[in-house]
Amino acid sequence: MPIIEQLSHTDLERLALDRVVPALLTHGFYFVDGLLGEVAGGAVLDEVKQMHGSGALHDGRLAGSAPGVHRRSIRGDKTAWVSGSERGCEAIGFLLNLIDRLISVCAGRLGNKVIRERSQAMVACYPGNGAGYVKHVDNPNSDGRRLTCIYYLNKNWNVKEHGGVLRIFPEGKGYVADIKPLFDRLLVFWSDRRNPHEVQPSFSTRYAITVWYFDSEERAEAKRRFKTVTAPAHSRTAAPPD
Ligand SMILES: Cc1cc(NC(=O)CCC(=O)O)nc(C)c1Br
Ligand SMILES: [Fe+3]
């Protein structure tokens with residue numbers, strides 16, 4: 001009996017085909033507990049704590065934030081982007097490889113285009129000062145992101161005391177899904193308008209690692225769209241050089 005129960009490839013395939021894919025196709029989201037197990041999950045947590053302690057996490061940027069609006073009131077997390085091959089990120093690299101394998105098994109069965117690439121991993125920490133993340137859609141305008149995968153790292157999390165629930169408002173469904181950010185929990189959900197979500201105010205340090213998987217065609221189209229940004233107005237009125 002191996003000391004550390006590693007998820008074998010067949011376990012991963014079973015998880016993908018028997019649970020993740022059916023849930024994504026019916027509810028649009030799915031979470032699994034005990035993904036890595038105590039030892040490997042603990043190694044990921046230690047690496048994230050090390051990053052936090054060494055000041056590697058910075059205030060999350062806001063896309064097009066209105067002037068004067070306090071960032072914290074919208075998005076209170078501190079983040080860092082990692083590839084998982086950096087020194088001190090070996091366990092994070094192992095986690096990302098496992099999620100990649102899980103999603104690649106799912107990709108063939110999700111009935112839509114190819115999911116071949118993903119973002120870097122965003123390591124996030126809500127410092128526990130009551131900050132959260134206002135309700136939003138990850139990919140409201142076809143930027144290519146198809147699936148959001150969030151790995152939570154919080155031991156002994158007590159929602160009554162610590163809050164920090166991720167509330168998903170599945171589009172067109174008569175219910176909301178309250179997901180506790182528990183240690184060694186992986187949450188997967190469609191990144192588009194099907195899943196508006198919010199992080200409720202957190203009153204204890206709340207760690208998570210997020211990766212977004214792209215639909216390659218939608219991503220390529222989005223890149224083309226962003227490339228053809230219209231020239232600024234004034235340049236069109238300037239007299240052509242004689
Ligand atoms: C950078 C960024 C982070 C998030 N994070 C969450 O929604 C929090 C999920 C959780 O921690 O439970 N969402 C978007 C649309 C962007 Br962009
Ligand atoms: Fe989000």
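## Exercises on a metal and ligand site

His-197 is buried, its relative accessible area being 4%. Keep in mind that this is a predicted model. Let's work through the site together.

**Exercise 1.** Identify the protein donors of the iron ion (ligand 2) and describe their spacing in sequence.

*Solution.* Start with the atoms: the iron ion (ligand 2) is held by NE2 of His-136, OD of Asp-138 and NE2 of His-197, at 2.1 to 2.2 Å. Next, read the donor residues along the chain, which gives the pattern H-x1-D-x58-H. His-136 in strand S6 and His-197 in strand S11 are 61 residues apart, so this pair links distant parts of the chain.

**Exercise 2.** Decide whether His-136 is buried or exposed.

*Solution.* Take its relative accessibility, 19%. Buried means under 20%, so His-136 counts as buried.

**Exercise 3.** Find the polar side-chain atoms that approach ligand 1, and say how much of the ligand the protein covers.

*Solution.* Begin with the ligand's nitrogen: one such atom is 3.3 Å from a side-chain N or O atom of Asp-138. Then turn to oxygen: the side chain of Tyr-152 places an N or O atom 2.6 Å from an oxygen atom of ligand 1, and Arg-206 has a polar side-chain atom 2.8 Å from an oxygen atom of ligand 1. Finally, the cover: on its own ligand 1 has 440 Å² of accessible area, of which the protein covers 87%.

**Exercise 4.** Characterise the shell around ligand 1.

*Solution.* Sort the residues by type: 8 are nonpolar, 2 polar and 3 charged. Then locate them: strands S5, S6, S7, S11 and S12 each supply at least two.

Key: Residues are numbered from 1 along each chain as its sequence is written. Chains are lettered from A and ligands numbered from 1 in the order in which they are written. This is a predicted model: local features need pLDDT of at least 70, side-chain atom pairs count only at pLDDT 80 or more; totals for chains, interfaces and linings use all residues. Side-chain values use heavy atoms; hydrogens and water are left out. A polar contact is a pair of N or O atoms within 3.5 Å; within protein, one must be able to donate a hydrogen and the other to accept it, and residues adjacent in sequence count only if both atoms are side-chain atoms. Accessible areas come from the Shrake-Rupley method with a 1.4 Å probe; for residues, only the protein chains shown count as cover. Helices (H or I, at least four residues) and strands (E, at least two) are DSSP runs, numbered from the N terminus. Ala, Val, Leu, Ile, Met, Phe, Trp, Tyr, Cys and Pro count as nonpolar, Asp, Glu, Lys and Arg as charged, and the others, Gly among them, as polar. Donors are N, O and S atoms within 2.8 Å of the metal (3.2 Å for Na, K and Ca); water is not among the atoms, so sites may look incomplete. Buried means under 20% relative accessible area, exposed over 50%, partly exposed in between (1.4 Å probe, protein chains only).
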